[in-house]
Every structure is written in structure tokens, then in C-alpha cells.
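Student: I've got a protein model open and I'd like to learn how to read it. Can we go through some features together?

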Amino acid sequence: MSEFIYPLANRIAGVDEVGRGPLVGAVVTAAVILDPARPIAGLADSKKLSEKRRLALYELITTHALSWSVGRAEPEEIDQLNILHATMLAMQRAVAGLSEVPDYVLIDGNRCPQLAMPALAVIKGDSLVAEISAASIIAKVTRDREMVELDRQYPEYGFAQHKGYPTALHREKLIKYGATPFHRRSFAPVRNALLDAEVMRDSASRTD
């Protein structure tokens, strides 16, 4: 990890996102500043961890980190800005929400949002940098919980199962039931489902 550390940095924040690919819900980001005096063993890319391990690490991160924060961009913002710019906005919000101001930020991926402090994009950072791994875990647990809650509101879509990603099941339910208010209307499968529903309504009204 040392190759990514800014030599004059005392407080390094790691930032990651979850939810760029789903058809529904917010894109969720997290920023984490770890406490060197309270190291957390087992940090890794959240996607490579079991749900049980993710939840255990989530509890450790939220109690041991010097500071952590969640940022988000809602479906309306994603539709307005596009998913890339909405993700950058959510990352800015996560960093701004930290109670401790970092003097250097490490971002997972190949692009950095505009920030008030120096930042570096690290490809596969969620597997290479402990702070980014911690951020990926916070973001994923947060978003997965939101999908479980959305599943309670709309059980017919199976959100708790596919977490909003464009699986065959989700596409099937989208065609059958249409879009919820939380779907991203700029994403092609949602847009097409809305158009199909409009065509069906028009066809039904002409036959009435």
C-alpha cells in the first residue's frame, strides 16, 4: 500500500462506490479514514467477502475508524447527470461528510472527483488499499440494506435477491410490473419498459 501514500499525508481517506450498474436505487459511496492505532484485519474488496464477513467488518469499521461517511446520488440525479457524474457527486458528498478532514484521498478506479485536497485514483484499489477496502464494505452493506428495505415495499420485484442489478429476473419483473418510482429511467431496460407500458396503454385506450 505504501506506493499509494502521499508522503506528507497524516489523514488518508479511502473512497469507493457501489451501485453504478443497477437499474434501481441510488449510487452509494463511502469515505473512510482508518485509525493506525486500531488496525482492522481482513479488509478486502467487499465483492470478494461473504455477507457474514462483510457485516462483521462493517461493525468493526464503523466503531474503529477515525471517521467514516456515506454519500449518495439518487435516481433522479443519475437520470439528470448520467451515472458517471452522479458517482463523482456522491463521492464528493462522502468526503465532505467526514468529521475529520483528510489531507489526501485515494479513490477506487481510474477517475477522481474534484476535491479540495489532493487525490489519486487507484485501479483495483478496493483490493490494494485498506482504506478503499473499508469504504467498499461500508458502501455495499449500506446499499444492500436499502435494497432489502425496497424489497419490503415492492416484494414482487425481488430486490432483496438481485439488489437492483439487471438480472433476468429483474428484467422479467420490470416488463411485468413496470417501473417503480425508484427506477433509473435513463437506463435502457427501464426506459424500454416504460415505453412498452405506454404503447400498451395507448393500444388499450383505442380498443375501449
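Student: Is helix 5 largely enclosed or open, and how many of its residues are buried?

Tutor: This is a predicted model, so keep that in mind. Buried means under 20% relative accessible area. In helix 5 (residues 130-153), 17 of the 24 residues are buried, so the rest of the structure largely encloses it.

Student: What should helix 5 span, at 1.5 Å a residue?

Tutor: Its 24 residues should span 34 Å, and the end C-alpha atoms sit 35 Å apart, which agrees.

Student: Okay, what about strand 1 and its neighbours? Which strands do bridges join it to?

Tutor: Strand 1 runs parallel to strand 4, with four bridges between them, and antiparallel to strand 2, with six bridges. For instance, isoleucine 12 has tyrosine 104 as its bridge partner in strand 4, while valine 18 partners valine 28 in strand 2. Seven of the seven residues of strand 1 are buried, so this strand is largely enclosed too.

Student: And how do I read salt bridges?

Tutor: Side chains of opposite charge can pair when their charged atoms come close. Here there are nine salt bridges.

Methods
Residues numbered from 1 in each chain as written. Predicted model: local features only at pLDDT ≥ 70, side-chain atom pairs only at ≥ 80, totals over all residues. Heavy atoms only, no water. Buried < 20%, exposed > 50% of the residue type's maximum accessible area, 1.4 Å probe, protein only. Helix = DSSP H or I, 4+ residues; strand = E, 2+ residues; numbered from the N terminus. Pairing = 2+ DSSP bridges. Expected span 1.5 Å × (residues − 1). Salt bridge = Lys/Arg side-chain N within 4 Å of Asp/Glu carboxyl O.
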